Every structure is written in structure tokens, then in C-alpha cells.
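Reader: Could you walk me through some helix packing here?
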Amino acid sequence: MKKSLESGVRSPESEERLRAQDSESANSESRLRTPDSRLVVEGVRKSFRNPSGGTLEVLRGVSFEARAGEMVALVGASGSGKTTLLHMLGGLEEADAGSARLDDFEILRAGRAELARFRGREVGFVFQFHHLLADLSAEENVALPLLVARRGWREARARAAEMLGAVGLAARAAHAAGELSGGEQQRVAIARALVTRPRLVLADEPTGNLDARTGAEVGALLADLSRASRACVLVATHNEELARTCDRRLLLREGIVEESGV
Ligand SMILES: Nc1ncnc2c1ncn2[C@@H]1O[C@H](COP(=O)(O)OP(=O)(O)O)[C@@H](O)[C@H]1O
Ligand SMILES: [Mg+2]
């Protein structure tokens, strides 16, 4: 990115961005440059009331940062709160306290309409179960988020086809999603998550429902495409191989996250 900008004609805007990148990433590897977006999470807390009347403190002050083009693994025992945290960052669940900003957008304090817009335009979700609409074609499933965001049908179809090509499923575009294999369905789900070019990608156990080999392929694909998309990517996973593919690893334990290497 930097190289091509340097060799081409620079606009004042790109000059400014490059300067910001240089100062921000002085200590990081060159492939982590161009930090267009930044996710800053501070002191997020969440409790649930359990049926016996007590409260279960799941998140007790979660803080971390992630930047564009970075893929961060979120690991931790089952029940440690990974899904809860991803849901909050995606505007699907309310927090009790704390803040989570994607650039200047405060996710945890946004109103309903703002959040719906944020989810539709800025967030790409990949779940453990693909949640595709079985009777729609692969291409229609991928086009759907663009149609919801009121893009024209023609553009939506064209971009869906392009994304399906990127996940290696061009030949399956017209197949009903329900007829695809588990690995293919998850690749369609990845295409659907990235088709809107979201700034934040949240993947919750994306390989959890796949056999080891298919999981490895799907994990590698998610890593390649989300890095190329330059989104902030957060992947909750038990898959050690996928966690190792990530740039960083956050361990969620006893309600807080700590950096735990790669
Ligand atoms: N809506 C809810 N109501 C009550 N308890 C919940 C709710 N959602 C999650 N929990 C509890 O919060 C804890 C963390 O859950 P979760 O975020 O799904 O963990 P993980 O994804 O790390 O396995 C679990 O003990 C779970 O039972
Ligand atoms: Mg979970």
C-alpha cells in the first residue's frame, strides 16, 4: 500500500494518512501499517442475573485496542464471556459499563437506529453456525447485506459474485446454500461478512463446527481476506491453529482480558 502510494501521485490526504501511519506504527511490523480504523475498548462490564436471583459477573472491566489490518484471537475457556464480548462490540447486546469506540463511533452508547446502521454497514459477523438462508442461492445470501444497506440489485449481485470468487466458490454461486457442504457454507458466510467492506469483523468460533482440515482451510481464508480488507478483526476461537495465524492473542479470564502473545 505504502509503496504504491509512494510511486504514484500523492494526494494531500494520502500524505497525511501516511504520516499518521508512520508515527502510529513506529514499533510494529510494516505489514501492520495503514491503521485506518482503530477499536478502543475500555472497562467493559457485564453481569447476568441467574435464575437463583444472584448475579453472574461475566466481564469485569475488559480493555484492549485493535487496529485495522490486525487479526486478534480472543481465547478463553468456554463460558468465559467471548461471545458476550463480541455481541457487545457488534451492537447486539448492551453493556453495563465501559466504552467501545470504533474510530469516533461509541458502540456502547449508540441509540437503536444508529446501532442498526452501524451493524449493517460497519460490522461483519461470522458465527459458528453459518446462519445462511438455506433456500437462497450462495450469491443471494452474500448479496443480502448490501440490499439491506439499500445498494442497488445490480451492484449487490456483482459484488456478491466477486466475493464468492474471492472465497473460491464462483462455481457454486447459483447453488442453494442449504445444498453446500459445511466448509462451503462457512466460506459463503465469510463472503457475506466481508461484502459490505466492514471496518470491524467479529468471528465467533468460525471453525468450531468443521472438521480439522476444513477448519484449517476456512481459518486461513478468513485470515487472508480479512487482512486484505484492512478491517479490525476479532476472532473468538478454541482452534489453536487459527489462533496462531492471528497477529495477537487476548486471553479472557475471570472477566478481564490480558495480552498473551501469539
Ligand atoms: N443472556 C444470558 N443470560 C444469562 N447468562 C448468560 C447470558 N448470556 C451468557 N450468559 C452466561 O455468561 C457466561 C459467558 O457466556 P459466553 O459469552 O457465551 O461465553 P463463551 O462464548 O466464552 O463460551 C456463561 O456463563 C453464560 O452462561
Ligand atoms: Mg461462545
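Reader: What is the handedness of the crossing of H7 and H8?
Author: The crossing of H7 and H8 is right-handed, meaning that the near helix is turned clockwise from the far one by less than a right angle. This is a predicted model, in which local features need pLDDT of at least 70 and side-chain atom pairs count only at pLDDT 80 or more, while totals for chains, interfaces and linings use all residues. Residues are numbered from 1 along each chain as its sequence is written, and chains are lettered from A and ligands numbered from 1 in the order in which they are written.
Reader: At what angle do H7 and H8 pack?
Author: Helix H7, residues 182-194, packs against helix H8, residues 212-229, at about 15°, and their axes are 10 Å apart. That makes H7 roughly parallel to H8 (angles under 35 degrees count as such).
Reader: And which residues in H7 meet H8?
Author: Those in H7 are Gly-182, Gly-183, Gln-186, Arg-187, Ile-190 and Leu-194, and their partners in H8 include Leu-221, Leu-222 and Leu-225. The residues of this contact divide into six nonpolar, six polar and two charged.
Reader: Switching to H5 and H6, how do their axes cross?
Author: The axes of H5 (residues 138-148) and H6 (residues 153-166) come within 8 Å and cross at roughly 125°. That makes H5 oblique to H6, and the crossing is right-handed.
Reader: How do the residues of the contact of H5 with H6 divide?
Author: Among the residues that meet are Val-142 and Leu-146 in H5, and Trp-153 and Met-163 in H6. The contact divides into 11 nonpolar, no polar and four charged residues.

Methods:
Axes are lines fitted to C-alpha atoms, for helices over the stretch in contact, and angles run from 0 to 180 degrees between N-to-C directions. Helices (H or I, at least four residues) and strands (E, at least two) are DSSP runs, numbered from the N terminus. Angles under 35 degrees count as roughly parallel, over 145 as roughly antiparallel, 65 to 115 as roughly perpendicular and the rest as oblique. Two residues are in contact if their C-beta atoms, placed from the backbone, lie within 7 Å. Ala, Val, Leu, Ile, Met, Phe, Trp, Tyr, Cys and Pro count as nonpolar, Asp, Glu, Lys and Arg as charged, and the others, Gly among them, as polar.
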